[in-house]
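The notes follow the order in which I went through the structure.

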Amino acid sequence: MLFSELKCKDVINLRDCRKLGNIADFEFDECTGCICKVIVPGGAKWKSLFGCDEGREICYKDIKKIGPDIIIVDLPEC
């Protein structure tokens, strides 16, 4: 799957069915090349424009399903 396809999908929390946003970036392990975390911008959009809001980091292990339109994650504290 291409990153351009992944970033268009809505990220939904399984516990409260709340939309968290869309993936903006990811962090990967340099040694293995595996994705460790995905980053979903959070808060006000104007904060993101000025670099004040780094967003929510979601561990790859918390991703439960990547579907055709959405990514389902299981986060206890949202």
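**Sheet and surface notes**

I began with the open sheet, in which three strands lie in the order β3-β4-β5 and pair in the antiparallel sense. I noted that β3 (25–28) and β5 (56–59) stand at the edges with a single partner strand each, so one side of each has no neighbour in the sheet. Ignoring direction, I found neighbouring strands of this sheet turned against each other by 25 degrees on average. I kept in mind throughout that this is a predicted model.

Next I looked at how β4 meets β5: strand β4 (residues 35–40) is joined to β5 by four bridges, and the two run antiparallel. For a residue-level view of β5, I noted that Glu57 in that strand has Ile39 standing opposite.

I then turned to the hairpin formed by β6 and β7, which has three residues between its strands. Here I recorded that β6 (residues 63–66) and β7 (residues 70–73) pair in the antiparallel sense over three bridges, and that Ile66 stands opposite Ile71 in β7.

Last, I checked Met1, which I found in the segment before α1 (3–6).

Technical notes:
Residues are numbered from 1 along each chain as its sequence is written. This is a predicted model: local features need pLDDT of at least 70, side-chain atom pairs count only at pLDDT 80 or more; totals for chains, interfaces and linings use all residues. Side-chain values use heavy atoms; hydrogens and water are left out. Two strands pair if DSSP finds at least two bridges between them. Axes are lines fitted to C-alpha atoms, for helices over the stretch in contact, and angles run from 0 to 180 degrees between N-to-C directions.
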